Amino acid sequence: MSAATVEIDEANGAGETLTHNITNSNMGSADEVNTDPVANPIAPNTRTYIKYQKIHVTNIGTSSKIDNLKVWRTGALGTGGTHTHVTNARTTSYGGALSYAQPVRTAVTGVDQTMPSSVPASANLGIGGALNGALTAAGSSDYLGHQITTDASATAGSTSTMNYQYDETA
Amino acid sequence: MTQIHKCGLCKKEFDSEEKYVAHTCPETGVTPADPENLGPEFAAVSEAALKRGEERKVAAEGGKKKK
């Protein structure tokens, strides 16, 4: 018996380079995986580049199903202003699978929900375009899009944690 | 447009997901399909989760038998 092997992937660039098994979700003023936030800070009153990430099951092991995907952030966004972390993840009226486009620092259609700050009561990221979707073999979730906006009073730096959760059925 | 698949650990690039998953990463010595590729912590967490699941299943079966 073996558990599923699951990694987080992130897509960047015009031609979509999908980097597998990322090690952090740092956000800033560069479209790059594992962003260096010191070299690429977010200026007040701007947005970070949107992140396109997905949950990727590379091997389902002896499990029969992966589903009920939940994503949320824990920790404050920072002080000195009003900051918002927006996403396409939502528990109701899910907009279907988010299509990849070259990451931008402007608002993206459908990426307008406030990122939950605690575990959602039900799935908020889909598989195959639906919140009740499931993976029964190797495969990936829909893209999670998320972006931080800051206002003019923002001060430097904050650290918080992105959480990615799934149910695995033996 | 062709999607490039890049290993986040060894930085090698592949023209398909299948090739990425099949490669033995020199950083870990295993393929991305192996739990060990995500580090000893993930493998340990997976193993513990499986154990908890089995215990829950046994407990549930025991409960059913009592009825």
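Starting at the N terminus, the elements of chain B come in the order β-β-α-α. That gives chain B 2 helices and 2 strands. Here, helices (H or I, at least four residues) and strands (E, at least two) are DSSP runs, numbered from the N terminus.

A quick word on the ground rules. This is a predicted model, where local features need pLDDT of at least 70, side-chain atom pairs count only at pLDDT 80 or more, and totals for chains, interfaces and linings use all residues. Residues are numbered from 1 along each chain as its sequence is written, while chains are lettered from A and ligands numbered from 1 in the order in which they are written.

Back to chain B: of its 67 residues, 16% are buried (20 or more other C-beta atoms within 10 Å of a residue's own, with C-beta atoms placed from the backbone).

Now for where the chains meet. In all, 17 residues of chain A are in contact with 20 residues of chain B, contact meaning that the C-beta atoms, placed from the backbone, lie within 7 Å. On the chain A side, these strands each supply at least two residues:

| Strand of chain A | Residues |
|---|---|
| β1 | 5-12 |
| β2 | 17-20 |
| β3 | 51-59 |

β2(A) gives the largest share of that side, 4 residues.

What does β2(A) pair with? Its partner is strand β1 (residues 4-7) of chain B, in the parallel sense over 4 bridges; strands pair if DSSP finds at least two bridges between them. Look for A:Thr19, which stands opposite B:Lys6 in β1(B).

Methods
Two residues are in contact if their C-beta atoms, placed from the backbone, lie within 7 Å. A residue is buried if 20 or more other C-beta atoms lie within 10 Å of its own, exposed if 12 or fewer, and partly exposed in between; C-beta atoms are placed from the backbone.
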